[in-house]
Amino acid sequence: MSRIGRMPVVIPSGVQVDVNGSNVRVKGPKGEMKRTFSQLIGVAMENGQLVITRNSDNPAERALHGTTRAVLANMIHGVSAGFERVLEIEGVGYRAEMKGKTLILYMGYSHPVEMEPPAGITFDVDQKVRQVFVRGFDREQVGQVAANVRNVRPPEPYHGKGLHYLGEKIRRKAGKSGKAK
């Protein structure tokens, strides 16, 4: 049995979960999410917890068991507490600012890069520590939007300049060596 898959998902107060066969709808203070899961995996409510079961030990069902539980736990955590990714700006003259809900990045190009947040996502900028915050209730969407922001100017290996995740280790290369005599 999957160690992750057999753990029940605890539903916090303020979160409503509706299970209708393989369709699950989760509603909380941060938002609402719906998802359809595989018919091979059973999802049931028991004593205020979600229990995920599988019928057999087929490799396909085994693979889906833990994944289904993790996705459900992320949905519940997202609508109750939300998710956040933090990007750091490194480099002279690189900066970010907010104009309403729009994120404006000055990353060394001839023009500023403007990014509109999709529905369910908010941007925030701390100019003192040069960080960009991507927040939302859908973990997949938060990660994808953060990756899109990072791709505006990914960190380069010689000076480490660009946008990178908080705590990300940039592999650095040695530059040119001195003159050969």
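Q: Which residues does Leu87 touch, leaving out those up to four places away in sequence?
A: In this predicted model, Leu87 touches Arg130, Gln131, Val132, Val134, Ala146, Val149, Arg150, Leu163, His164, Tyr165 and Leu166.

Q: Which members of the largest nonpolar core touch the most other members?
A: Leu87, Leu103, Leu105, Met115, Val134 and Val149 do, in a core of 22 residues.

Q: And which elements each supply at least two residues of this core?
A: They are β7 (83-90), β9 (102-106), β10 (113-115), β11 (121-126), β12 (131-136), α2 (139-150) and β13 (162-165). The largest share, four residues, comes from α2. Another core, of 18 residues, lies apart from this one, and Phe37, Leu50, Ile52 and Leu72 are among its residues.

Q: Turning to β12, why is it described as largely enclosed by the rest of the structure?
A: Five of the six residues of β12 are buried, so the strand is largely enclosed.

Q: How many bridges join β7 to β12?
A: Six bridges join them, and the two strands run antiparallel. Within β12, Phe133 stands opposite Val86.

Q: What about β11 and β12, in which sense do they pair?
A: They pair in the antiparallel sense, over six bridges. Ile121 stands opposite Gly136 in β12. The two strands form a hairpin with four residues between them, and Arg130 in the turn has a positive phi of about 55°.

Q: Where does Arg85 lie, then?
A: Arg85 lies over the face of Tyr165, at 4.2 Å from the ring centre. Arg153 lies over the face of Tyr109, at 4.3 Å from the ring centre.

Methods:
Residues numbered from 1 in each chain as written. Predicted model: local features only at pLDDT ≥ 70, side-chain atom pairs only at ≥ 80, totals over all residues. Heavy atoms only, no water. Lys NZ or Arg CZ within 6 Å of the ring centre and 35° of its normal. Core = buried A, V, L, I, M, F, W, Y, C linked by side-chain atoms within 4.5 Å. Buried < 20%, exposed > 50% of the residue type's maximum accessible area, 1.4 Å probe, protein only. Contact = heavy atoms within 4.5 Å. Pairing = 2+ DSSP bridges.
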